[in-house]
Amino acid sequence: MAAEIVNPRSDSESLDGHTEPESGAEPLDSFDPAFALHRGGKMAVRATVPIRDKDDLSLAYTPGVAKVCSAIAEQPDLVHDYTWKSSVVAVVTDGTAVLGLGDIGPEASLPVMEGKAILFKQFGGVDAVPIALACTDVDEIVETVVRLAPSFGGVNLEDISAPRCFEIEKRLQERLDIPVFHDDQHGTAVVTLAALRNAARLSGRPLGDLRAVISGAGAAGVAIAKMLVEAGIGDVAVADRKGVVSRDRQDLTPIKAELASFTNKAGLSGSLESALAGADVFIGVSGGTVAEEAVASMAEGAFVFAMANPDPEVRPEVAHKYAAVVATGRSDFPNQINNVLAFPGIFAGALQVRASRITEGMKLAAAEALASVVGDDLAADYVIPSPFDERVAPAVTAAVAAAARAEGVARR
C-alpha cells in the first residue's frame, strides 16, 4: 500500500481530544500558539489507495501484494515503480546540533525534524520521514542509516554536529547508491551562493573580483567556502574562534587543514576583524558579534550576509550604514538566506531522475536556478526570492535534474 505523509490537520480543525498534561498544570498551548500548533505533532501518514471492500483489501494486501513482492525480488529495480521508495526521503539526526539549541538529544529534535519533513512536502512535493537516532557514534550512525536505506530514495542529514557530520556524509555516500545530503552544509551554501551571485550582478562585479570572509569553520562555513571556490570567487578566508584558518597554523583539525589548502590565497592571519579590512563580502554562520568598526573597514559597496539566528553577527541597521546589500537568516528582514529555498527542489530533482548522488555540479546548478528566479526584479533588498515564490521549487528541480543527467548520475 502506498502512503503519503501529510499535515494531519488544517488550521480550522480542533485540537480537542488530546490528553492534557498531568498534575493539573495549565497546558502550555493555552497561552503559547507554538505549543498549540505542535500538539499531537505536525504530520501523519495516510493511505493513497482506497480500501473499501474485500477486493480492495486483497489487492492492497494479501494475496495481491505477494505478486508485487515476488516481482521486486526477481527485478530489484521495480521497487522504484511499485513502492514509495522513489519519492520519499529520510530526515536523519542525532540531535547534537539542533538549530541554535545545541546538543539537546533525539527526542527534543523531533519537532524540528517534523518541521523539515512538512517543508519537503509543502515546497517540493517530496514525502519525508523524521528519524531521530539514539546514538552519536559515527560508526553506529552510518551502520544504522545503511540498514534503513532500502526504504528510502534519499537521505537528508540534519542537525548533526561538526566535524562528525563530514565523515558521516562521506561514508554514507560511499556505501549507498541514493543521494545523501547534509542540509546544514550544502543547503546553506547553495542559497548563499545564489544571493551572492545576484548581489554581484547588482553591483556589476564578477565573482572573480570579490574577496570574502566567512565567520565560522563548522559545517556551513566549510561548505560555503568550498562552493564559493567552485563558483570562481576571487578569494575567501574562513575564521574560527582562534582567527583566520591559514596554512601556518599548527592547531588545525584535518577538516580545517583541508580548508586551508584551497582558501586564503592572500595568506591572511590573525583575527576575523583584521581579515575584514578591505573585504568585499562578509558571511556569518557562527553566531557571536562583529564590531561595527570591522564592518566599517570593509570595501566600499560591500555585502554583509549575517546569517546567525536569532541574533545576526551584525545587526541589519548597523550593516546598512556600510554595505550595499544586507542579508540575514531571519524572516523579518529582506533577503532571508533560508535553506527551504534549496533542499526541497534539490531532492525533487534528484528523485525525479533517480540520481545516485548529489554532485557539486547539481548544487551549483541549483544556486544558478535560484538566483535566476529574481530576474529583472533585482534590487538591494531583493537578491534572493521568498520561500513562498511558487517559481522556486520548479526552477531548482529542473536545473538539478538536468545537471544530474549531464553528469551521468541520473538513472532515468
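Modeller: With contact, which means heavy atoms within 4.5 Å. Helices are DSSP runs (H or I, at least four residues), numbered from the N terminus. This is a predicted model: local features need pLDDT of at least 70, side-chain atom pairs count only at pLDDT 80 or more, and totals for chains, interfaces and linings use all residues. Residues are numbered from 1 along each chain as its sequence is written, and side-chain values use heavy atoms, without hydrogens and water.

Biologist: Which residues of H8 meet H15?

Modeller: His 186, Val 190, Val 191, Leu 193, Ala 194, Arg 197, Asn 198 and Arg 201 do. Their partners in H15 include Lys 363, Leu 364 and Glu 368.

Biologist: At what angle do H8 and H15 pack?

Modeller: Two packed helices are described by the angle between their axes and the distance between the axes. Axes are lines fitted to C-alpha atoms over the stretch in contact, and angles run from 0 to 180 degrees between N-to-C directions. H8 (residues 183-203) and H15 (residues 360-374) pack at about 45°, with axes 8 Å apart. H8 is therefore oblique to H15. Under 35 degrees counts as roughly parallel, over 145 as roughly antiparallel, 65 to 115 as roughly perpendicular, and the rest as oblique.

Biologist: How do H9 and H10 cross?

Modeller: At roughly 25°, their axes coming within 11 Å. H9 and H10 are therefore roughly parallel to each other. Val 222, Ala 225, Lys 226 and Val 229 of H9 make the contact with Ile 255, Glu 258, Leu 259 and Phe 262 of H10.

Methods. Helices (H or I, at least four residues) and strands (E, at least two) are DSSP runs, numbered from the N terminus.
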